[in-house]
Amino acid sequence: MNINNYKKSEEAFGRALRVIPTGIHGHLGPAEGCMIPPSAFPRFASKAKGAYFWDLDGNRFVDYMCAYGPNILGYNDPDVDAAVQEQLQSGNCTTVPFTNMIDLAELLVDTVDMADWAFFAKNGGDTTSMALMVAKAATGRKKTILVKGNYHGVAPWTQVLGAPGIVEEDVTNNIYVDWNNYEQLERAVEENKDEVACFMSTPYWHPVFVDNELPEPSYWKRVRDLCTRNGIVLAVDDVRCGFRLSEKGSDHYYGFKADLVCFCKALGNGYNFSVLCGIDVLKDAASSITYTGSYWLSAAPFAAGIACINKIREIGADSIVMDLGSQLTQGLSEVASKHGVDLRISGEPSMWYMRIADDDSLDIHQQWVAECVKRGVFFTNHHNLFINSALSRADIDFTLEVADEAFAVVVKNNPQVYGKGG
Amino acid sequence: MKDTLTLAHINMNVILRNIENLCRIDETAKSLVASDDIAIGFRVKNGPSCTLRFSKGECEFIRGTARGRVLLYFKSPDHFNAMVEGTANPIPLRGLFKLGFLTGAFKELSALLERYLRPSDEDLADPVFRTMSTELTLYTAGYAIGEVGTVDPMSKGIGGSMPTGEIVLEVANGPSLVIYRDDKRLVVERRRSDSSRAAMTFSDMDSAFAMLTGTIDSYSAIAQERLRLRGFVPMLDKIDKLLFKVSEYLK
């Protein structure tokens, strides 16, 4: 099997380092701990189509990161791109918005089960911060209960005390509880009676570096009741899961109704906008808040959103990615077992998390992922992966072939764990 | 924001502790204390304590207890920090007639250590000096991770939540530190580990020097694999956050 060469990527990265801090900053770059070792990974793309992207050196990758989520229908989806092109003929970023903003809001209200209204922004983090402001404005309270390990963006309130740039006042009104621990949550509410504005969580627990956990069967129902009894706004951060579990919202998927739901990623198949959906009773609070940005009401991303959501509904993309994810993860488990490797799969199949558990350092997992990437299957080390609906059975078969060879390499290279015979 | 108590811990358990390393790797330092056999205790009210024991050209740093023929007392962490800055004097509780060591050999050791830790461009042109300066700077940064992660009010939550296991901070084929959390604190030891759960490895002394002196940022170093990460990344992420805080104290 061919092993990738990244000569052109490395040259471009050298250029980038001279003029851009860290070369590629943020989670797409090699310094965030999800691309270990960096030399196994390509740095820049030259083109993308469907389930693939190609790097500068011409290497093709079956892409299981999907741009960290936005790619749900396949890169360069013809229907989404055509809608954008058509809108661009009329205009994009203008002084007053186009009416496709209303069309999109109506489509969201019609699609997302809990939604009575839609407030648009650009990034997922815009909507999680807005959700807290809505909750505080509506309740007149100041505290927020968050689940340890959950990611809600990069705003100061989402980060930990001691992180660079974070001061005590940024997080002083945060209360942290463990995932799936209803009793702890109930205690936190009791200890902060009439002070908690919002409980925010992802619909299931999908932090990086650890096995993901689904909600206990009664968890969300009990949380919903607790929030209702205590006048606490229940906000779901559906930025990552949104439209990959159910087009109706992940709260609907798990059988409860949230007060606020934050969407981004899969909304526009890569065209950038985000949305906070809410229930009617919170609409006045949302209206009262000053919260905006230069590009937030641009029309081209809205055109993408309309085309994307319509296509998700038309083809049943949420079911497709779940099914493809099940096929892939089942195959990966079987191939791993064949080599005597303990590969743990967790989370939902459309955005599964995986970890080789044969050492406690994740070292072997990092080696295996690197071997897969060098052979054209793009995983990252410790983030959940993503499925898009353009993935084919042939792509899954190719992935399993690569995984098989990569397992053989790491088994051979780690005799202290797997024995000399592998 | 520097916390006075944390700074006192750094001045004692990092800077004074490094005299032990200085006497191990620098011939001038060894010769300065070659004929001395003396222990000096440092005791800070509401702060840390330690003993520096000199014998036959070697130095041993003993953490947490102030014993010796010379015993120096400081009425507060501020007082101790001022002594390290050279703007205050200790209160000798014992060994009044041995204070010559403090004003002689010990003072010269301190000056030598400062020269390594705050080197001039001229000194750095010498490759041997540069290597030793880098090694001592690595120990300084590494030891300070332990103090910041244990004492600093903003950072002890990060240190206290460090996952179980050993983290190696090392230069390939060079000096190595092992960091781990015990019941009380974040411990930093100068040794190697065959069973580390995570590692930060500088590819060579030049890369270590570049990053420790701020000529290259850690993210760029990682991207270029001049700093290689391996293993359980959440531990390294916490070390990275603590190192950021360390840099505030060591400025």
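Biologist: Let's begin in chain B. Which residue of β3(B) is the bridge partner of Leu52(B)?
Modeller: That is Phe61(B). Keep in mind that this is a predicted model.

Biologist: How do β2(B) and β3 of chain B pair, and over how many bridges?
Modeller: They are antiparallel, with six bridges. β3 covers residues 58-63 of chain B.

Biologist: What sits between β2(B) and β3(B) in their hairpin?
Modeller: Two residues. Lys56(B) is in that turn, and its phi is positive, about 50°.

Biologist: Is Lys56(B) buried or exposed?
Modeller: Exposed. Lys56(B) has 10 other C-beta atoms within 10 Å. The cut-off for exposed is 12 or fewer.

Biologist: And on the β1 side, how many bridges join β1 of chain B to β2(B)?
Modeller: Seven, and those two strands run antiparallel. One pair there is Arg43(B) with Ser49(B) of β2(B). The hairpin of β1(B) and β2(B) has four residues between the strands. Asn46(B) in that hairpin has a positive phi near 55°.

Biologist: Why is β2 of chain B described as largely enclosed?
Modeller: Because five of its seven residues are buried. Buried here takes 20 or more other C-beta atoms within 10 Å.

Biologist: Switching to chain A. What are its domains?
Modeller: Domain 1 is 7-63 + 317-418, and domain 2 is 78-315. Their centres, taken over C-alpha atoms, are 28 Å apart.

Biologist: How many residues are in contact between domain 1 and domain 2 of chain A?
Modeller: 16 residues of domain 1 contact 17 residues of domain 2. On the domain 1 side, α11, β11 and β12 of chain A each give two or more residues. α11(A) gives the most, with four.

Biologist: How do the residues on that side of domain 1 divide by type?
Modeller: Five are nonpolar, seven polar and four charged.

Biologist: Now the backbone of chain A. Which peptide bond is cis?
Modeller: The one from Ile36(A) to Pro37(A) is cis, with omega near -10°. Pro37(A) is in the loop between α1 and β1 of chain A. For context, most peptide bonds are trans.

Biologist: What about Ala67(A), what is its phi?
Modeller: Near 60°, a positive value in a residue other than glycine. Ala67(A) lies in the loop between β3 and α2 of chain A.

Biologist: How many C-beta neighbours does Ala67(A) have inside 10 Å?
Modeller: 18, so Ala67(A) counts as partly exposed.

Technical notes:
Residues are numbered from 1 along each chain as its sequence is written. Chains are lettered from A and ligands numbered from 1 in the order in which they are written. This is a predicted model: local features need pLDDT of at least 70, side-chain atom pairs count only at pLDDT 80 or more; totals for chains, interfaces and linings use all residues. Domain bounds come from an automatic or database domain assignment. Two residues are in contact if their C-beta atoms, placed from the backbone, lie within 7 Å. Ala, Val, Leu, Ile, Met, Phe, Trp, Tyr, Cys and Pro count as nonpolar, Asp, Glu, Lys and Arg as charged, and the others, Gly among them, as polar. Two strands pair if DSSP finds at least two bridges between them.
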